Amino acid sequence: MSEPTPFEIFLVATPGLEAGLRDEAVERGFADVTLIDGGVALTGGWPDVWRANLELRGPTRVLVRIASFRVMHLAQLDKRSRKVPWGAFLKPDTPVMVEASCRKSKIYHAGAAAQRVATAIKEELGAPIRDDAELRVMVRIEDDLATISIDTSGESLHKRGHKEAVNRAPMRETMASMFLRQCGFAGVEPVLDPMCGSGTFVIEAAEIATGLKPGRTRSFAFEQLVGFDAAAWQAMKAAAIPASSELRFHGSDRDAGAVAMSRENAERAGVSGITSFTELDIADLTRPDGPPGLVIINPPYGTRIGDKSALQALYAQFGKVMKQRFKGWRIAIITTDAGLAKQTGLPFDPPSAPVLHGGLRVTLWQTRPLR
Ligand SMILES: C[S@@+](CC[C@H](N)C(=O)[O-])C[C@H]1O[C@@H](n2cnc3c(N)ncnc32)[C@H](O)[C@@H]1O
C-alpha cells in the first residue's frame, strides 16, 4: 500500500510567541517546520495531527489546510468550494460550522463568503451546517487567495482538560509553557511562583519535568473526522509513559482561595506529589530547600488609575526578597509595565518582544542566576 500524501498542518501561535513554538515543533521531531505569519507550518499525516494536539504545549490550535485557490468574486468561491474533496475529511452526518475572514481582497464580506462555503458543504457532501457545531471549517481570504482549513483541536489548546479552577487573571497554559521555554526551562530544575494564582506555571513546569502530555485528558475535534482511527489514537496516548522527578515545584499566593484552587488543579493534573502550594505573602517567602532554579511570576499589573503606588511597592518588595534570599536562582517576571519591572531593582537582561495577553501587551523580563 502506498503512503498517504502528507498535507500542510498549521500551528496557531499566541502573537509574539511564534519562535518558541517553532523550536518546540522541531524538538518534537515534526517535519518541514517553518515559521510563518501567525504560527508555524509543518507537513505530515493524521498521526502527526493527533500528536501535535497531544504533545505540543505552545499552539492554541492545530489546523489542517485542505484547499487553497484564487478567488475574485463570490460566484467563483461558490464554484471552487464545490470542488474541494470534503468527503476526504468531513462525514456527511457530522455537523460543521463555517467561519470566514477577508483581508485585502475583492471579496470583503466575510459572512457572505462563509455562507457560500457552507452551502457547498451542505449540497456537495450533505453535512448539516450548525452554528454550534464542534467541528469548524475556517476560510481565510487574503490578497484574493482563499485558504480552507479544518480546526482539528476544537476547544482552544490552552484548555488542558484537567485544569478546571481558574482565578480572575489566569495565564493561559499555552503562554505559560512558552514563557518557561524562553527562560530556558527544560524540566531539570525547580520552579517557584510566589504569586501563583491558579497554579499555571507550577503545574506546567511539573508536567514538563515528568513528560506528561498536555492533551492527555481532553477530547479533540479530529475525533470526528474521516481520517480518525480510535485504536491508533489510544495506542499513541498509551505509549506516552510519564517519568518520575526528584524535583519540587512550588507555588504560593497571599490569597487562600488561589492556593486551594492550585492544589485542586495539581491534583487533577496528577502532579500533586511533586508540587506544593502555600498561603503566603511575598514578604514572608523563603528559599526552598534544594538546588536553585527559576522563580517566575505574573504579578498584578493594575489597569486602574490609583493602583500605581501600591503596585510599585509590591514589585519593589518582590525584588528585595529575591535579592536577599534567592542567590543562584534566575528570576523571570511577566508584566505590561517596564516601569514596574524596573521597580524590582533586579538585573534584567533586555526584555522579550511584547506578547498579547487578554488584550494587553505583556513582556518577559528575566535575569541570569542572581549573585
Ligand atoms: C495575575 S495573578 C497570577 C495569575 C497566575 N499566573 C495564574 O495563571 O493563575 C496575580 C496573583 O498575585 C497574587 N498576589 C498579589 N499580591 C501578592 C502578595 N503581596 N503576595 C503574594 N501574592 C500576591 C494575587 O493573589 C494573584 O493571585
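1. Axes here are lines fitted to C-alpha atoms, for helices over the stretch in contact, and angles between N-to-C directions run from 0 to 180 degrees. The model is predicted: local features need pLDDT of at least 70, side-chain atom pairs count only at pLDDT 80 or more, and totals for chains, interfaces and linings use all residues. Residues are numbered from 1 along each chain as its sequence is written, and side-chain values use heavy atoms, with hydrogens and water left out.

2. Helix H2 (residues 46-55) packs against helix H7 (residues 230-239) at an angle of about 40°, the axes being 11 Å apart. Helices (H or I, at least four residues) and strands (E, at least two) are DSSP runs, numbered from the N terminus. H2 and H7 are therefore oblique to each other (under 35 degrees counts as roughly parallel, over 145 as roughly antiparallel, 65 to 115 as roughly perpendicular and the rest as oblique).

3. In this pair, Pro47, Trp50, Arg51 and Leu54 of H2 meet Ala232, Trp233, Met236 and Lys237 of H7, where contact means heavy atoms within 4.5 Å.

4. An open sheet of mixed pairing is formed by seven strands in the order E2-E3-E1-E4-E7-E6-E5; two strands pair if DSSP finds at least two bridges between them. Strands E2 (31-36) and E5 (96-103) stand at the edges with a single partner strand each, so one side of each is left without a neighbour in the sheet.

5. E5 pairs with strand E6 (residues 135-142) in the parallel sense over eight bridges. Cys102 stands opposite Ile141 in E6.
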